[in-house]
Amino acid sequence: MYKVFVNDKPLFLTNQTQKETDFDLFLLESVDIKNLIVKLFQGKVDKAFLYHPDEKEMLKTLKSKLPVHKAAGGLVYNKKNEVLFIFRNGKWDLPKGGLEKGETNELAAVREVQEETGIDNLIITDKLQKTYHIFKRNGRYKLKVTQWYEMRSSSVQQLIPQAEEGIEKVAWLDAQACAEALKNSFENIKLLFEE
């Protein structure tokens, strides 16, 4: 099963069906995906399941219905085991961004963390999960697929928020502050802390 978020509302891709449900179930092959996305954005649907019998094909089928925007980002820890967060658009988030032409996920993740936070000395220590969310740009809905990496940094330099990306703050947060920040974060970011 995959979780795709639309305005922080879950859209589940599944190959299971249940008789008693409190959600809308659609056939992935035939669903009017744009209409469903609009209903999720407008709050007319709280969550939905898209059914496809073949688990290996379901993500490929969704990608055939929407343009895909590839991104990469970092869950970065310092020597004190604090996590690097950014604050933009009224929410706590993790640094991430789109891949440039010819760039690997790993290079994009490191570059984006550096650009958005001003930090250096980044070492990738683990490949984490991918997250999926749908956003609207230039009047079109797109599926953003973000590959996440756990990183470590020994940097003690001052953090610099990338203002042109709308980032207001960058901060190292300890476990308690991290838990507070996640209350005002995105659902796909919360998934990374469930691992």
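What does a side-chain oxygen of aspartate 54 reach at the start of α2? In this predicted model, that oxygen comes to within 3.0 Å of the backbone nitrogen of lysine 56.

Let's stay with helix α2, which covers residues 55–65. Its buried residues are Met58, Leu59, Thr61 and Leu62. Looking down the axis of α2, you'd find these buried residues within an arc of 160°, so they line one face of the helix.

| Element | Residues |
|---|---|
| β1 | 2–6 |
| β2 | 9–14 |
| α1 | 33–42 |
| β9 | 122–137 |
| β10 | 140–153 |

Threonine 61 sits in α2 and counts as buried because its relative accessibility is 10%, with the cut-off at under 20%. Its side chain reaches the backbone oxygen of glutamate 57 at 2.8 Å. Leaving aside residues up to four places away in sequence, threonine 61 touches Leu28, Glu29 and His52.

Now for the wider picture. The largest nonpolar core has 22 residues, and Leu11 and Ile134 have the most contacts inside it. At least two residues of this core come from each of β1, β2, α1, β4 (48–51), α2, β9 and β10. The largest share, four residues, is supplied by α1. Domain 1 (2–65) and domain 2 (70–191) each give this core at least three residues. There's also a second, separate core of 16 residues, including Phe85, Leu94, Leu128 and Cys178.

Methods: Residues are numbered from 1 along each chain as its sequence is written. This is a predicted model: local features need pLDDT of at least 70, side-chain atom pairs count only at pLDDT 80 or more; totals for chains, interfaces and linings use all residues. Side-chain values use heavy atoms; hydrogens and water are left out. Buried means under 20% relative accessible area, exposed over 50%, partly exposed in between (1.4 Å probe, protein chains only). The arc is that of the directions from the helix axis to the C-beta atoms. Contact means heavy atoms within 4.5 Å. A polar contact is a pair of N or O atoms within 3.5 Å; within protein, one must be able to donate a hydrogen and the other to accept it, and residues adjacent in sequence count only if both atoms are side-chain atoms. A nonpolar core is a set of buried Ala, Val, Leu, Ile, Met, Phe, Trp, Tyr and Cys residues joined through side-chain atoms within 4.5 Å. Domain bounds come from an automatic or database domain assignment.
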